[in-house]
Amino acid sequence: MSEPIRPHFAIASVGPGFDLKHVLRFMIEKLGTRTPIILSSVSGIIGRDALTHEFREVKWTSDNIDDEVSTNTGIVLTVGFVPGLKVDAIPLLQQRKAPQGSMIDKFVMDIKSYTSSVSGCTSPLAIIMIGDADVDQKPIIEKLDYAMAMETIIVGDERGQFVYRSAKESKNISGNLKCSPDAVALVFARDRDKAHGVGDIEFHFALSNGVSAIGPRLKASSVRVSESVTCLTARREGQQEILDGQQLLDDINNEMENHMEIVDLYIGVNRRRNCSVGSDRPKLMTSLALHGVVGGDEMYLYVDGIGIRTGDYFQFYHSDPKTALSSCRDVSSSLRNLKLGWDSKSCLSTSAVVNAIDKKEAFGGFIVSCVGRGELFFGDPNVDSSPFLENFPGVPVAGIFCGGEIGRGCTSLTAHGNKEVGSAHCLLHVYSTVYLVMSYTPPAEH
């Protein structure tokens, strides 16, 4: 080769004790100013240890997160080379006086514009997204869901702390105090000027669910918002009696009297909202929005987040290790079937040369898992990463533990475990693990 390969992107996730800006500066120094980079602080990392080569899932313990330099910390680094694709980091820059809605529209249009400029179509193959922990990501991901083709996969961390580097200098914010990034998207689009002899890269999405529905379907009767908490009362579906927060929680506690483990409670709200970007015609979108239950009293049920309306239907959900383990097994089975499908297509080839060379194979992966999962949740280590490791041994994979999993994909690989969750279109998950598998098919030999 006449010159070294330039990385197409880099993703780094770090634990306590790292200065993000210093690490980003170091990465730019090593990888060059034209390499898109996303660097975030996370609750734990997943990957192969650089010294021992042991595969590990590591979460930081709570007693040392605020230490200046922690011995229980680390970094997971993914440096990617994806011939046939174009990649860049596109930020959602929130200007101080601009309404959030208009800036979200600009963010979505920036992604579509970049994708169109390099591929000729407006929807990318995949997006890896990190959202600011202090910013509500629901309206952002809902507009992306509205604007992107169903084939576009979106994964990431809803509640992150991050810095980034875009290949396009105008998208970087160093020295610009008028803007702050609410989110950043690493966009993967096909290269319409792909060199001859380069094969095809595809992305595959799977999701392991870790919550189960409990109790009857309910309808919000009254809703009020106090800062970032929603206060509500509700009726059981088909009944007139209005239930306060204490009554609702008593009903759920009675339903769960046989559950010995401590669980986290959520409500899953079925949202039907008109959505649009810019001057596009509004479209009715249906989705499931999960809100953590904060508490309840003789007036209201209190849940995290906003966006719930009077008349919205909802149901309670609880974290459930059995559902999560069953769902992980389903994901492993789905990935096994995916791999068998690749093998069978290769075997059906009429050419022995093509059979040997023209075989689709996984070459990398990315895992996003809820910080509530892991060894303490399952009772065994490396359960979340096992579906990938079992099916693609030796293939590089990295991942993170975080406090809100972004997962959007139209695929039969998704394994919800609980059919009631699977029936709704959920974009921001809880107690889930999201899998992104990347495969490469060499060009056909003629």
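Author: Two strands pair if DSSP finds at least two bridges between them. Keep in mind that this is a predicted model. By that count, β20 and β21 (residues 428–429) pair over two bridges, in the antiparallel sense.

Reader: What about the faces of β20, buried or exposed?

Author: Buried on both sides. E405 and G407 are on one face, I406 and R408 on the other, and all four are buried. In a regular strand, side chains alternate between the two faces of the sheet.

Reader: OK, new topic. In what order do the strands of the six-stranded sheet run?

Author: The order is β4-β3-β19-β18-β22-β10, in an open sheet with mixed pairing. β4 (55–59) and β10 (200–208) are the edges; each has a single partner strand, so one side of each lacks a neighbour in the sheet. On average, neighbouring strands there are turned by 15 degrees against each other, ignoring direction.

Reader: How do β3 and β19 run, parallel or antiparallel?

Author: Antiparallel, with three bridges joining β3 (residues 44–48) to β19 (residues 397–402). G44 faces F401 of β19 across that pairing.

Reader: Switching to helices. At what angle do α2 and α3 pack?

Author: About 40 degrees, with the axes 10 Å apart. Angles under 35 degrees would count as roughly parallel, so this pair is oblique. The crossing is right-handed.

Reader: Which residues meet there?

Author: From α2 the contacts include I104, F107, V108 and I111, and from α3 they include P139, I140 and L144.

Reader: Last one: where does K359 lie?

Author: K359 is in the loop between α6 (352–357) and β18 (361–370). The side chain of K359 makes a polar contact with that of D343, at 3.1 Å.

Reader: Why does K359 count as partly exposed?

Author: Because its relative accessibility is 30%, and buried would need under 20%, exposed over 50%. Also, the C-alpha atoms of K359 and Y440 are 8.3 Å apart, although 81 residues separate the two along the chain.

Methods: Residues are numbered from 1 along each chain as its sequence is written. This is a predicted model: local features need pLDDT of at least 70, side-chain atom pairs count only at pLDDT 80 or more; totals for chains, interfaces and linings use all residues. Side-chain values use heavy atoms; hydrogens and water are left out. Buried means under 20% relative accessible area, exposed over 50%, partly exposed in between (1.4 Å probe, protein chains only). A polar contact is a pair of N or O atoms within 3.5 Å; within protein, one must be able to donate a hydrogen and the other to accept it, and residues adjacent in sequence count only if both atoms are side-chain atoms. Axes are lines fitted to C-alpha atoms, for helices over the stretch in contact, and angles run from 0 to 180 degrees between N-to-C directions. Angles under 35 degrees count as roughly parallel, over 145 as roughly antiparallel, 65 to 115 as roughly perpendicular and the rest as oblique. A crossing is left-handed if the near helix is turned anticlockwise from the far one by less than a right angle, and right-handed if clockwise. Contact means heavy atoms within 4.5 Å.
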